[in-house]
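Trainee: Hi, could you walk me through this protein?
Mentor: Happy to, let's look together.

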Amino acid sequence: MGVEIRESPVSADAFEDMKEFVHDYLAASVENEEEGGRMRWYPWHSAEYRFNHILNVVDIATKIARKEGANVDVTRVAALFHDIAKLEAEQDLHAEAGARIAREYLKAHGDYPESFIEQVCSAVDAHSYQGPLDDLPLEVQCLIEADILDKVGANGTALMLLRMGYESRTHMDAAEMVDRVIERGEDARERVQSDTAESIVHQRLKRTRWFQEWLTMEVAEMAVEDDLDDVATGMGDS
């Protein structure tokens, strides 16, 4: 179970101020870079996309934290700050940079106990951890699970289809792109630990498979390709 810090609730107004700060920080990260910054040429690496991803992770992480008994304040504040440095720092350094920004903000705004600040910053710093989640504090686990889950399901599918359009690929590649989302979902199912996260993965994978099924049923050439693949597989097994 997470450590409950009852003396440090984050008010609705304080959380809204944090959201505004994160939004403006991301926007400034792009504006301050002459050439648009790291990977800004992909639409989903814009400040708008990154902020939307952060809000998605906040929502998912909060749901997991509430159901799994983690400290909700720690989890949702860490989720809000987890990618704040994503557009200005290198990938392998953005978590550490985000923790530093979160610490500076929390110390300057409000009277939060040091224990609360430490838990938030520790979660932000650890959110890119690739090892087993059951060795981590529950709040960190909730954040990592939420970060993984945002790219699974309908949202992950939409991002893949957006990528297709940006790369000038035709709709005939859609089934392949949806396959990638399903693979990502299967990987997520293997990694997440909490019952709540496992339930979310199950729901999102089901929706993605439904979409893939409808897609292949409605686009004739995709159905033909699937039939040919089945025939080839059958011949290979014989």
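This is a predicted model: local features need pLDDT of at least 70, side-chain atom pairs count only at pLDDT 80 or more; totals for chains, interfaces and linings use all residues.

Trainee: Okay! How many helices and strands does the protein have?
Mentor: There are ten helices and zero strands. Here helices (H or I, at least four residues) and strands (E, at least two) are DSSP runs, numbered from the N terminus.

Trainee: And what percentage of the residues count as buried?
Mentor: Of the 238 residues, 47% do. Buried means under 20% relative accessible area, exposed means over 50%, and partly exposed is in between, using a 1.4 Å probe and protein chains only.

Trainee: Switching to the helices, how do α5 and α6 cross?
Mentor: The axes of α5 (residues 114-126) and α6 (residues 138-149) come within 9 Å and cross at roughly 40°. Those axes are lines fitted to C-alpha atoms, for helices over the stretch in contact, and angles run from 0 to 180 degrees between N-to-C directions.
Mentor: The two helices are therefore oblique to each other. For angles, under 35 degrees counts as roughly parallel, over 145 as roughly antiparallel, 65 to 115 as roughly perpendicular, and the rest as oblique.

Trainee: Which residues make the contact?
Mentor: From α5 they are Gln119, Ala123, Val124 and Ala126, and from α6 Glu139, Val140, Leu143 and Ile144. Contact means heavy atoms within 4.5 Å.

Trainee: New topic: is His53 buried or exposed?
Mentor: His53 counts as buried, because its relative accessibility is 0%. This residue lies in helix α2 (residues 47-68).

Trainee: What does His53 touch?
Mentor: Not counting residues up to four places away in sequence, His53 touches His82, Asp83, Asp147, Asp150 and Lys151.

Trainee: And where is Arg191?
Mentor: Arg191 is in helix α8 (residues 174-191). Leaving out residues up to four places away in sequence, Arg191 touches Tyr129, Gln130, Gly131, Leu133, Ile144 and Ile148.

Trainee: How far is the backbone oxygen of Tyr129 from a polar atom of the Arg191 side chain?
Mentor: Those two atoms lie 2.6 Å apart.

How values were computed:
Residues are numbered from 1 along each chain as its sequence is written. Side-chain values use heavy atoms; hydrogens and water are left out. A polar contact is a pair of N or O atoms within 3.5 Å; within protein, one must be able to donate a hydrogen and the other to accept it, and residues adjacent in sequence count only if both atoms are side-chain atoms.
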